[in-house]
Amino acid sequence: MRYFQVNVKDVPSESGHIPTLQCYFVEKSNRKRPCVVIAPGGGYSTVCTDKDGDRVALQYNAAGFHAAVLNYSVKPSHFPEPQKELLAAIALLREHAEEWGVREDGIVLCGFSAGAHLCASVSTLWHRLGEPISRPNAVVLCYGILTARLDHCKQFLASHADGSEELLRLASCDEQVSRATPPTFLYATFEDRLANVENVLYYAERLSEYEVPFELHIFPKGGHGASWCDETIWAKPAGGREQNYIGLSVAWLRELYGWL
């Protein structure tokens, strides 16, 4: 494995943060590999790379994917600063595709909680906030807050939008789905009372409306933030059956694109 860190931007955000990518790349070979860009959770107050970062990256490495963990801006930064950083990270991977052995048509976003919102908002707004070079090819969303139809979710998104009604509308991912949204994998649990099941159901409804391919899994056990998947990541399941959603997402990606 090749591990290195790069700055996504050379100019810091208004809060003084310079976003970085921690890259976990499979050893170089004659073929390019798809790359999963991981956006950890943290409620846009912190970035939980210790829980949603390197362990998840290594799981995708084991499946043959490159992986990179984004350390994005959090409060006092707000929408769309982190989104622009993720768009810049996608562009950076494509710009260095030859050097790093990355497939230009194989950029996958994988987000957890607030990171899932970040990935979903980029997947629905890339054509408005970025350039074609920043379009993701697929998205994996794990217990994300994706709608403002629920009061507590609306409060969270309003805070991320810094109180702006216009930005809140843009940050409400289900309202921004279009035919330009890439194929999406959705994972949630029935016991999650923060990113309620309704989040993924509303979002899946919109994906279906616009004929965007998707796969949806709702498991009965596991509260919010249970980013475990199997014994490779955690010593034992957090509760109930082992729920290897990363394995499911890998199978979905291989079926979707025939990668690896």
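## A salt bridge within one helix

The side chains of Arg206 and Glu209 meet in a salt bridge, with 3.3 Å from N to O. A salt bridge here is a side-chain nitrogen of Lys or Arg within 4 Å of a carboxyl oxygen of Asp or Glu. Because Arg206 and Glu209 are three residues apart in helix α9, about one helical turn separates them. Helices (H or I, at least four residues) and strands (E, at least two) are DSSP runs, numbered from the N terminus.

Arg206 is buried, with a relative accessible area of 18%, while Glu209 is partly exposed at 46%. Buried means under 20% relative accessible area, exposed over 50%, and partly exposed in between, using a 1.4 Å probe and protein chains only.

## How the model was read

This is a predicted model, in which local features need pLDDT of at least 70 and side-chain atom pairs count only at pLDDT 80 or more, while totals for chains, interfaces and linings use all residues. Residues are numbered from 1 along each chain as its sequence is written, and side-chain values use heavy atoms, leaving out hydrogens and water.

## Salt bridges across the sequence

How many salt bridges does a search of the whole structure find? The search finds seven. In one of them, Glu211 pairs with Arg179, the closest N and O atoms being 3.1 Å apart. Glu211 lies in the loop between α9 (197–209) and β8 (214–219), and Arg179 in the loop between α8 (173–176) and β7 (184–189), so the pair ties together parts that are 32 residues apart in sequence. Both Glu211 and Arg179 are exposed.

Lys221 forms a salt bridge with Glu191, and their closest N and O atoms are 3.4 Å apart. This pair links distant parts of the chain, 30 residues apart: Lys221 is in the loop between β8 and α10, and Glu191 in the loop between β7 and α9. Lys221 is partly exposed, with a relative accessible area of 40%, and Glu191 is partly exposed at 35%.

Now to the helix packing. The axes of α2 (residues 54–62) and α10 (residues 245–257) come within 10 Å and cross at roughly 40 degrees. Axes are lines fitted to C-alpha atoms, for helices over the stretch in contact, and angles run from 0 to 180 degrees between N-to-C directions.

The contact (heavy atoms within 4.5 Å) is made by Val56, Gln59 and Tyr60 of α2 and Ile246, Ser249 and Val250 of α10.
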